[in-house]
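Please look over the sequence and the structure shown here before reading on.

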Amino acid sequence: MSIEQYDLTKNYIRPLDADKHELAIETKDLQVFYGENHAFHDGNLKFERYKITSLIGASGCGKSTYLRSLNRMNDGIGRVTGQIMYRGLDINTKKINVYEVRKHIGMVFQRPNPFSKSIRENIIFALKEDGQKNKKKLDEIVEKSLRSAALWDEVKDDLDKSALALSGGQQQRLCIARAIAMAPDILLMDEPCSALDPISTLKIEETMIELKKNYTIIIVTHNMQQASRVSDYTAFFHLGHVIEFDKTRKVFTNPKIQATDDYVSGNFG
Ligand SMILES: Nc1ncnc2c1ncn2[C@@H]1O[C@H](COP(=O)(O)OP(=O)(O)OP(=O)(O)O)[C@@H](O)[C@H]1O
């Protein structure tokens, strides 16, 4: 089997022998500044392929800041220094095509944000902008993406209906499908269930567990049960630092740092 290596500076694809042990993404000395505010200090983190990693910690400790840096969503908002290594390239450099980065490292936001278009158009809009015109291919992508996001069975007869008519949980799964349609290999999720009821939340969690067969997922969550249910690894953020990063079971049952223990067991604040 081979995976494809994309040269994000140019947009052409060159094949690479698959190496399952290759990291999905790694940050080295990543720091983020918003003006004078040094919001994130020391991001030396490694994310394994096909795993789910939760970023947890109290409000304002830098989780979203870190997450958004990974696909350059902080460009123009904050100053990000250090390296973001993705498929052998440092993608935190000026020569990198940010649009290409975001195709490979997709994002799902806190609130479902479908476009005011049909379900089908939500999935194919960016692909068409990207030059994909083949209707058969687009139809295939619509079905495949919706199936991957566990939404196909619920919407297959309503693809031309407005996405805004879907429930919040369905809208969020549509946003996941929209991200998947671009064929990323990493999905960043910033509190994707915070606006959803418990049943929709469980559905998204089941979807994530299915998705990790093919994608690497990094999720910010305030929901400790969610982090322990879905993630393989957990990073604990504290005052702009990552002070513990380990297997989820270890972080939740036997953390090394007292502040982590206090946070995961609810003894803080
Ligand atoms: N767009 C921005 N402009 C200026 N400062 C920002 C911006 N976004 C975040 N910050 C600041 O960066 C710090 C980290 O915020 P961030 O949103 O990353 O934390 P968080 O851990 O994700 O919080 P929460 O859990 O509440 O979402 C805070 O001091 C915040 O005020």
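## Helices α3 and α6

Is the crossing of α3 and α6 right-handed or left-handed? In this model, which is predicted, the crossing of α3 and α6 is right-handed. The contact draws on Ile119, Asn122, Ile123, Ile124 and Leu127 from α3, and on Leu174, Ala177, Arg178 and Ala181 from α6. Sorted by class, the residues of the contact of α3 with α6 comprise 7 nonpolar, 1 polar and 1 charged.

As for the geometry, helix α3, which covers residues 119-129, and α6 have axes that come within 8 Å of each other and cross at roughly 30°. Because angles under 35 degrees count as roughly parallel, α3 and α6 are therefore roughly parallel to each other.

## Helices α4 and α6

Helix α4, made up of residues 135-148, packs with helix α6, made up of residues 168-181, at an angle of about 130°, and their axes are 8 Å apart. That angle makes α4 oblique to α6, and the crossing in which α4 passes α6 is right-handed.

On the α4 side the residues that meet α6 are Ile141, Ser145, Leu146 and Ser148, and their counterparts in α6 are Ala177, Ile180 and Ala181. The residues of this contact of α4 with α6 divide into 5 nonpolar and 2 polar, with no charged residues.

## Residues of α6 in the two contacts

Ala177 and Ala181 of α6 are listed in the contact with α3, and Ala177 and Ala181 also meet residues of α4. Leu174 and Arg178 of α6 take part in the contact with α3, while Ile180 of α6 is among the residues that meet α4.

Technical notes
Residues numbered from 1 in each chain as written. Predicted model: local features only at pLDDT ≥ 70, side-chain atom pairs only at ≥ 80, totals over all residues. Axes fitted to C-alpha atoms, helices over the stretch in contact; angles between N-to-C directions. Helix = DSSP H or I, 4+ residues; strand = E, 2+ residues; numbered from the N terminus. Parallel < 35°, antiparallel > 145°, perpendicular 65-115°, else oblique. Left-handed = near helix turned anticlockwise from the far one by under 90°. Contact = placed C-beta atoms within 7 Å. Nonpolar A, V, L, I, M, F, W, Y, C, P; charged D, E, K, R; others polar.
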